[in-house]
Amino acid sequence: MTDLNSLPLDGLHRELGAKMVPFAGYEMPVQYAAGVMQEHLHTRSAAGLFDVSHMGQVILRGADYAAAALALETLVPVNIAGLGLNRQRYGIFTNDQGGILDDLMLANRGDHLFVVVNAACKDADIAHLRANLPAEITIEVIEDRALLALQGPASEAALARLNPAVADMKFMDVATVDLCGAQCWVSRSGYTGEDGYEISVPAPQAEELARMLLADDSVMPIGLGARDSLRLEGGLCLYGHDIDTGTTPVEAGLTWAIQKIRRTGGARAGGFPGADRILTELDKGALRSRVGLRPEGRAPMREGVQLFADADGGDPVGHVTSGGFGPSVGGPVAMGYVPADLSAPGTLLYGEVRGKRLPVQVAALPFIPANFKR
Amino acid sequence: MIKYTEEHEWLRVDGDLVIVGITEHASTQLGDVVFVELPEIGTIVAAGDEVAVIESVKAASDISAPLDGEIVEVNEALVDEPGKVNQDPMGEAWFFKMKIDDMSALDAFMTEDAYNDLIG
């Protein structure tokens, strides 16, 4: 049996009564005593603290920011060179077929680029960077920092109690902030659709920071179960499920992340893997689309459910890539891929659940409106 | 008198019927229940047949028939309020009632003490 890694805050999670499960090679809290439903609802009404230390944190350095940014642009179809100082942006690694290798956050930190990648893809992403970036770009894998996320409408007040400077941050700002004496790298961003912060903290100081935040009445610890239901309601992709090497960013509805400068006619058009396919799809449209799905009944439609255009007969037209119950929506929600001509919100389709075809409507994303501090 | 199955169901005799539900232990393990699908009244079942579906936020699970018999009543309240399974799994959140051929078959199941030993 492969040994699982432990998070820096493993002891704290167990002390808080977490149910631990294996995820991406780590033992992680899937829920605490409150349970997935309460943890989810609390995050949308107050504040939730998530341990996401399993994710990969990487620093790229070149002769200057522009050198590192332009180098990373050869792998990511995003305007990285034009990203403002202490600003963060969402990005993806693409492959030669125009598929997605991983999704990530990247930030301009002046003398370096700070990149956060998914845990499951960490090793492959680092190998990808090492294999493809020019030798002058140094790649530093950060192994001694934990990563916490504080999300929800009460996040600003809770974190500002530790350092009032965080209240001045807008959505996607990044700053180095002293929190409980620890030098933290903080971004105003997250994976829930709520206002909040993601905090990189030196591992030895993570527990004190976590306990300090949890001491705030409005903050509860939140596990992976609620993290998943929150991001699903927010219409956010989960790599390996809603996006993977078989989906292009255009199919996935992520064109907003590809700034004009990297598209046909832009000053730095193309120049990333799969550009031919992706730029063509940007111009002409893709044959299928990721959509939101709202089953009409109460039965959840989960990943793998086949979608049909009719109540009887015909071949599947699409499938569910993420699905479950949305506690804030109060009913089942899902995302999946359907042909572009069946992707308009309101389109009625049928999902096959336990051998029966049940009605499901295409729905606009997100299911719950976002609350970013813009 | 309540009997328990290894699949964490409880069985209670009510006249010539057997009422079936899931135990507190099972409902805690499942987490917040968000969906229940009950069998049709009149369904003839064999022991081990999947007879009802319970879903939590994260996963789908099912209840199997403990014995051969016929489903004669189902608890419709669980369809509108699946959360009842977490609130009162041993009482209000019974799933279905069945008519079985031989009541003595219940002797084979666990007593409360034996079940408590099982769940430790």
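Predicted model: local features only at pLDDT ≥ 70, side-chain atom pairs only at ≥ 80, totals over all residues.
**Ground rules**

I count residues from 1 along each chain as its sequence is written, with chains lettered from A and ligands numbered from 1 in the order in which they are written.

**Entry 1**

I began with chain B, where six strands make an open, antiparallel sheet in the order E1-E2-E3-E9-E8-E5. My strands (E, at least two residues) and helices (H or I, at least four) are DSSP runs numbered from the N terminus, and I call two strands paired if DSSP finds at least two bridges between them.

Which strands stand at the edges? They are E1 and E5 (44-45) of chain B; each has a single partner strand, so one side of each is left without a neighbour in the sheet.

B:Tyr4 sits opposite B:Trp10 in E2(B). Four residues lie between the strands of this hairpin, and there B:His8 has a positive phi near 65°.

Next I went from E2(B) to E3(B) (residues 17-22), again antiparallel, over six bridges. B:Asp14 has B:Leu17 of E3(B) as its bridge partner. This hairpin has two residues between its strands, and B:Gly15 in the turn shows a positive phi of about 65°.

**Entry 1: where the chains touch**

How many residues does each chain give to the contact? I noted eight from chain B and twelve from chain A, with contact meaning that the C-beta atoms of two residues, placed from the backbone, lie within 7 Å. On the chain B side, E4(B) (residues 33-37) gives the most, with three residues. By class, I listed that side as three nonpolar, one polar and four charged residues. For these classes, Ala, Val, Leu, Ile, Met, Phe, Trp, Tyr, Cys and Pro are nonpolar, Asp, Glu, Lys and Arg are charged, and the others, Gly among them, are polar.

**Entry 2: a helix pair and a sheet in chain A**

I then turned to H2(A) (residues 36-45) and H7(A) (residues 224-233), which pack at an angle of about 55° with their axes 8 Å apart. That angle makes H2(A) oblique to H7(A); under 35 degrees would be roughly parallel, over 145 roughly antiparallel, 65 to 115 roughly perpendicular, and the rest is oblique. The axes are lines fitted to C-alpha atoms, for helices over the stretch in contact, and angles run from 0 to 180 degrees between N-to-C directions.

Which residues make the contact? From H2(A) I wrote down A:Val36, A:Glu39, A:His40 and A:Thr43, and from H7(A) A:Gly225, A:Ala226, A:Ser229 and A:Leu230. They divide into three nonpolar, four polar and one charged residues.

Chain A also has an open sheet of three strands, E1-E3-E2, with mixed pairing. E1 (5-6) and E2 (19-23) of chain A are its edges, each with a single partner strand, so one side of each has no neighbour in the sheet. I found E1(A) running parallel to E3(A) (residues 26-31), joined by two bridges, with A:Asn5 bridged to A:Tyr26. H7(A) comes back here: it packs on the sheet, touching E2 and E3 of chain A, and its direction makes about 70° with that of E3(A).

**Entry 3: two domains of chain A**

The domain assignment, automatic or from a database, gives chain A a domain 1 (5-53 + 144-233) and a domain 2 (287-363). Their centres, taken over C-alpha atoms, are 32 Å apart. Seven residues of domain 1 and nine of domain 2 make up their contact. On the domain 1 side, H2 and H7 of chain A each supply at least two residues, and H2(A) has the largest share with four.

Most residues other than glycine have a negative phi, and most peptide bonds are trans. Against that, I marked the cis peptide bond between A:Leu365 and A:Pro366, with omega about 0°. A:Pro366 lies in the segment after E20(A) (356-363). I also marked A:Arg354, a residue other than glycine with a positive phi near 50°, in the loop between E19 (348-353) and E20 of chain A.
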